[in-house]
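Please examine the model shown here, beginning with a loop residue and moving on to a pair of packed helices.

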Amino acid sequence: MLFMSRCTAFCFLAVAMTSCATAAVIVNSALPITKVVRVRLIRAAEDNGTNVANAFGSGSTKAYIEDQIDRIWAQAGIDIEFDTETPIYNSAFALRGNNGSGTRPQSDFNLIRNGAAAAGLTSTNANTLNMIMVDVVPGFAPLGNLSSAGLASLGGNGITGYAGDTLLTYNNGRDVIASVMAHEIGHNLGLQHTANSLANLMSPGGSTEQLSSSQIATALSSRFVFNLPPPLPGDYNGDNLVGVADYTVWRDGLGTPAEIGSYDEWASNYGDVRSTAVPEPAACALACVMALVGISRQSRAGIRRHPAAADAVG
Ligand SMILES: [Zn+2]
């Protein structure tokens, strides 16, 4: 089955002219990065832990895709911070459902998300988005190795995604995965689809990953967006602690383009520590219950069965 898609429509045009090379991620200028959205990647696998679904690959492949997602959301001044942990969810049901080669029911979305939560694999922070990678995304039939797809809650927490093997092997393929997952993050941050075939991240059949100022305003008002803490004075290596290692960074930079800070700043802040704790609404039972009610309500109303033209890229 050939899925028309955001990228395919664009690539057909590009191919007609010269090549598909212009399928790279296209964005507007970055804003100063003052906000953060945290995302936890979870990979479904067979019940016995084999056949783990693709996420973003490893090493430079993973770094490249995360960089492209960061480029896309830098337009809104948002850093997308992925958890260092990427747990495996041993569940053949989560991995591909029960529908064989047919279209997977969209209702599987909640079953996957709830199952991962029950297995203790979703983030303990209710404000960290859970992106669960599977082989077959609810609302879609199985897709080929040159495809990527996703289904996300609109304004709620949760994404199911698929990244085909072959896409991970070349930059334009990695761009497609980054585009789809950045688009799904947009849904969690409250962004709906724009009209078809616009130069916009949220456009089905869209040709670029650009965001409008009103979309940026909507995303920034999401409960999943947090302020980045200001840098800790004297913390020159960014480890949230002012210590001997920072003195070394300061000293090594003296007289070079990497010169940073001052001895006095380092000395007067020596020993300072910045807490990296993030807000945890679950600490309040009432707030937690309310949040859960809110999530389930939003999920029923908000999960979008993306037409293939919107989110299956290949
Ligand atoms: Zn969409």
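Ser101 lies in the loop that joins α3 (92–96) to α4 (108–118); helices are DSSP runs of H or I with at least four residues, numbered from the N terminus. The model is predicted, so local features require pLDDT of at least 70 and side-chain atom pairs count only at pLDDT 80 or more, while totals for chains, interfaces and linings use all residues. Residues are numbered from 1 along each chain as its sequence is written.

Ser101 is classed as exposed because it has 8 C-beta neighbours inside 10 Å; with C-beta atoms placed from the backbone, 12 or fewer others within 10 Å means exposed, 20 or more buried, and anything in between partly exposed. Leaving aside residues up to four places away in sequence, Ser101 touches Ala141 and Pro142, where contact requires C-beta atoms, placed from the backbone, within 7 Å. Val136 is 35 residues from Ser101 along the chain, and their C-alpha atoms are 9.5 Å apart.

Turning to the helices, α5 (residues 171–188) is mostly covered, with 16 of its 18 residues buried. After α5 comes Gly190, which has a positive phi near 100 degrees.

The axes of α2 (residues 59–74) and α5 come within 9 Å and cross at roughly 50 degrees; axes are lines fitted to C-alpha atoms, for helices over the stretch in contact, and angles run from 0 to 180 degrees between N-to-C directions. The contact includes Tyr64, Ile65 and Trp73 of α2, and Arg174, Ile177 and Met181 of α5.

Methods. Helix = DSSP H or I, 4+ residues; strand = E, 2+ residues; numbered from the N terminus. Contact = placed C-beta atoms within 7 Å.
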